[in-house]
Amino acid sequence: MENPRWCLPALASLLLLLLSLSLSPRAAAYLQERKNYIVHLRPRDGGGGGGSVEEWHRSFLPQAAAGPDSAADGGGDSPRIIYSYSDVFPGFAARLTDEEAEALRATDGCVRLYPEVFLPLATTRSPGFLGLHLGNEGFWSRSGFGRGVVIGILDTGILPSHPSFGDDGMQPPPKGWKGTCEFKAVARGGCNNKIIGARAFGSAAVNSTAPPVDDAGHGTHTASTAAGNFVENANIRGNADGTASGMAPHAHLAIYKVCTRSRCSIMDIIAGLDAAVRDGVDVLSFSIGAYSGTQFNYDPIAIAAFKAMERGIFVSCAAGNAGPEPGTVGNGAPWMLTVAAGTMDRAIRTNVKLGNGQEFHGESLFQPGNNSAADPVPLVYPGADGFDASRDCSVLRGSEVTGKVVLCESRGLNGRIEAGQTVAAYGGVGMIVMNRAAEGYTTFADAHVLPASHVSYDAGTKIISYLNSTGNATASIDFKGTVIGSYPSPTVTFFSSRGPSKASPGILKPDITGPGMNILAAWAPSDSHTEFSDGGADLSFFVESGTSMSTPHLSGIAALLKSLHPDWSPAAIKSAIMTTSDAVDRTGLPIKDEQYRHATFYAMGAGYANPALAFDPGLVYDLRADDYIPYLCGLGLGDDGVTEIAHRPIACGGVKAITEAELNYPSLVVSLLSQPITVNRTVTNVGKARSVYTAVVDMPKDVSVVVRPPMLRFTELKEKQSFTVTVRWAGEPNVAGAEGNLKWVSDDDYIVRSPLVIPGKGE
C-alpha cells in the first residue's frame, strides 16, 4: 500500500507539461500562472518518516519543482515553497498553478489547500482605569510588572527607537529564548532587553529599509499597549496627558511583522505564529481580523492557536470590528481569549452649543488653545431638502458651506477625518459629525483638520430638529480638553463584534471586554496619516480605536498573571480574567452598550476586565489540551476534522463526546427547550487552602437553576471539586432567552462569577 505520508508526482502535472510544449508562449505562460496557497497535510506518523520537514514538504510538489533547487525553479527569483511550517501547522505555503493545486488536493496525505487570503488589521489612562497603579502595594508591583514574560506581537512591526521600548529596569532575555533580531538600521534603534526579538515575513519584509520596523503605526501602538515601558508626559498635542505604560511594562517583546499597512497575508500570519512558538513566547497577541463562522478545522489560525495553547502559550485575539450585528465575532475557538472593545471614563471633549441654547457633548483631538470656534456661526446640514450635496459630506458645494459649521453624518468606522478635509476645502469653518442610528453614543476623538465635534445619534437628531425649526440656525464649538469621569463608563462600542459564534454557538464569545476606544499609545510616524499639516512627523503618541486596541490590553494582563503564576495553564489564566470581570459600570449599574441599553453577554463577554482582582480569583475552571477533544468530537467534525486540529490521530468513536455546554468553560450557554438540561463543571482551588464557597444564582424568575452540591468545601490548594448545574424554564419558555450569573461566594470575599446564557430563538 502507498505510504500516505509521501506523495508521488501527479500525473496531471506531467500531462500539463506535455500540453504546454505544444502551445504558444502566451498560452503556456497563462497555464503556468502561479497562485499562493497554504497546503494542509496530515501529520507524519510519529513525526518522523525520514528526511527533514522541508524535504517532506518538497515531496508534495510536482517532480520538476521538488528538487533541491526548487527554491528558485522556473519562476525567476520566486521560490515554490514559501514557508515550511514546523511547529503550529502541519504543512507549507507554496506557489502553485491551478493544475498543480488540483493534483495536490487529490494526493494522499493532503488535507486541503487554502488560497492566500488577506485579513484586515482589526496608553495613559487605561492602566489606572483598570485599577493598575504605581506604588509599593498592589497587583501591578506584586507581579513585577510582567517581569520575565515574553509577549509575541503579530502586527505591522515596531519602531524600536521609541522611548516606550527603552529597557530601563528590564532583565536580560529569559534562558532558553531562541528568537532572532533582524533590525539592520542602527540609527533607528534595535533589540535590547525590552525588544528581544524582531522578524519580518513575506510581503511585510520588503516595505521598509529595516524589515521589522513599523511603517504603519499600528504595530507600535499595540506593542506599547501590551508592554510599553513607563514614559512620562505622554500626550498627543497636549491631550490625554500623563505617564504612559503598557499593561505589563517590564515584560519582554518579540515582534513578528506579518502585516503591511493595510492587510495581513494568512501565509505570513501562520509563519509568524510558527516562529513565535518555536522562539519560546509566553503570550501571543493577535490584533488581526479573523475568519468569522468558519469551522475550526478549516481555520488555519484556530489550528495554529491550538498547538500554541498545547505548548502552554496564552493566545489573545481581537473579536473583530464588525458590530453591532449579531453573529459577527471572529477568533472564536475556546482555546483563545476573544476580546471585545469598550470605552473608558476619559473624553477629549468638544461641546456643541446651538443658537437656541442647547448644548451637547462631543469629542475631537483638534483642541486649539485660543478656542477659535467659540463664536456662533451659521449652521447647515447637507442632508436637508434643497441641498445639492451628500449628508456624509463626501460631496459638497462651496457656496452652501463657506463660512459655516457643517453637520455631517458619520461614515462608520472610517472617513470622518476625510469629511472634515472636504468641509475645510470648500470653505467650511467647523464640522459636527453625528452618528448613524446603529452607532448610538460611541464617539471618536479624531485628529481633525478644523474645529469639529463628534456627537451621538441622539444629539444629532436634536440638532437636525433645531435646524428644521429656524431659518437662521447657528452653532459654536467649545473646546474643553481632556475630561476624566465621563459617564457612563465603561460601555461597549458599536463596532465591537458580537456573538454568538457561528462556529460554536454553545460557547459564549466574545470572552471579555477591555479598553478599545480612543486609546493613547506609542506611535510610528507614517505618511498614511495626513491629519496634521506637518504630517504628524513629531508625533510620539497617537489615539486609535478598535478591538485591535483592546486585545493587547488583555495580552498584557495575561502576562502579569503569567509572571505571578507561572504554573497556571492558558485556560486557568483565561478563567481568572473572566470570572473576576465587572458586569457593572463605575456607578454600580449594569454595563451598557452603544445605545445605553443593558449590554448582553454576547456583546461584552463575561464583562469588563478587572486585573486587580484577576491575580487572586479564588477558583479557576481549568482545561488541558486533551480536554478539548471530547468537545471537538461533540461538534460533529468527525475523526478527520478533530485530527486536523489536534495535530495527531483522533478516533471519536473511542472518545466520550460532550456537548458545547459541558466543556469546562468559565461561562455557560444552555440551549433550553421544554426539558431541563444538566451540565457539569469542575473548579480548582487557587485561593486559600481552607475555604468554603456557596452557590448564588442570579437569573430571571422564569428560569429555575439548581446547583448540586450548593456548597464546596476545600482543604488544600489545587484541590478540585465538581458540581452540576440543572437549568429549566419555571414557566413557559421565553423566546427572547435569558441571561444571568452563577456565582461561587466565599467568606473570604471571593466572588467567582460565571455568565449563564439561555439563547433566544434564532440565536
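When the bonded cysteines of the protein chain are numbered in sequence order, the pairing reads 1-2, 3-4, 5-6, 7-8. The structure, which is a predicted model, holds 4 disulfides, and among them are the links described below.

**Disulfides and other cysteines**

- Cysteine 259 and cysteine 264 form a disulfide in which the sulfur atoms are 2.1 Å apart, and with 105 degrees about the S-S bond this link is right-handed.
- Cysteine 259 has a relative accessible area of 0% and is buried, and cysteine 264, at 0% relative accessibility, counts as buried as well.
- Cysteine 393 and cysteine 408 form a disulfide with their sulfur atoms 1.9 Å apart, and the link of cysteine 393 and cysteine 408 is left-handed, with -90 degrees about the S-S bond.
- Because cysteine 393 lies in the loop between strand S17 (377-380) and helix H10 (398-401), while cysteine 408 lies in strand S18 (residues 405-409), the pair ties together parts that are 15 residues apart in sequence; cysteine 393 and cysteine 408 are both buried.
- Cysteine 633 and cysteine 652 form a disulfide whose sulfur atoms are 2.1 Å apart, and this link is left-handed, with -80 degrees about the S-S bond.
- Cysteine 633 lies in helix H17 (residues 628-634) and cysteine 652 in the loop between helix H18 (638-646) and S26, so this pair ties together parts that are 19 residues apart in sequence; both cysteine 633 and cysteine 652 are buried.
- Two further cysteines can be noted for their accessibility: cysteine 110 is buried, with a relative accessible area of 8%, and cysteine 317 is buried, with a relative accessible area of 0%.

**Helix packing**

- Helix H7 (residues 218-227) packs with helix H13 (residues 547-564) at an angle of about 35 degrees, the axes being 7 Å apart, and H7 passes H13 in a right-handed crossing.
- On the H7 side the contact is made by His218, His221, Thr222, Thr225 and Ala226, and on the H13 side by Ser548, Met549, Pro552, His553 and Gly556.

**Strands and sheets**

- Strand S7 (residues 195-200) is largely enclosed by the rest of the structure, because 5 of its 6 residues are buried.
- S7 is joined by 5 bridges to strand S10 (residues 252-257), and the two run parallel; glycine 197 stands opposite alanine 254 in S10.
- An open sheet of 5 strands has the order S26-S33-S32-S28-S30 and mixed pairing, with strand S26 (668-669) and strand S30 (711-714) as the edge strands, each of which pairs on one side only.
- S26 and S33 run parallel and are joined by 2 bridges, and leucine 668 stands opposite leucine 756 in S33.

**Two single residues**

- Serine 453, which is found in strand S20 (residues 452-455), counts as buried at 0% relative accessibility.
- Leaving aside neighbours within four places in sequence, serine 453 is in contact with Thr350, Val352, Gly362, Glu363, Met431, Ile432, Val433 and Ile477.
- Glutamate 763 has its place in the segment after strand S33 (751-758) and is partly exposed, with a relative accessible area of 46%.
- Not counting residues up to four places away in sequence, glutamate 763 touches Pro500 and Tyr602, and from C-alpha to C-alpha glutamate 763 and glycine 737 are 8.9 Å apart in space, while being 26 residues apart in sequence.

Conventions. Residues are numbered from 1 along each chain as its sequence is written. This is a predicted model: local features need pLDDT of at least 70, side-chain atom pairs count only at pLDDT 80 or more; totals for chains, interfaces and linings use all residues. Side-chain values use heavy atoms; hydrogens and water are left out. Axes are lines fitted to C-alpha atoms, for helices over the stretch in contact, and angles run from 0 to 180 degrees between N-to-C directions. Helices (H or I, at least four residues) and strands (E, at least two) are DSSP runs, numbered from the N terminus. A crossing is left-handed if the near helix is turned anticlockwise from the far one by less than a right angle, and right-handed if clockwise. Contact means heavy atoms within 4.5 Å. Buried means under 20% relative accessible area, exposed over 50%, partly exposed in between (1.4 Å probe, protein chains only). Two strands pair if DSSP finds at least two bridges between them. A disulfide is a pair of cysteine sulfur atoms within 2.5 Å.
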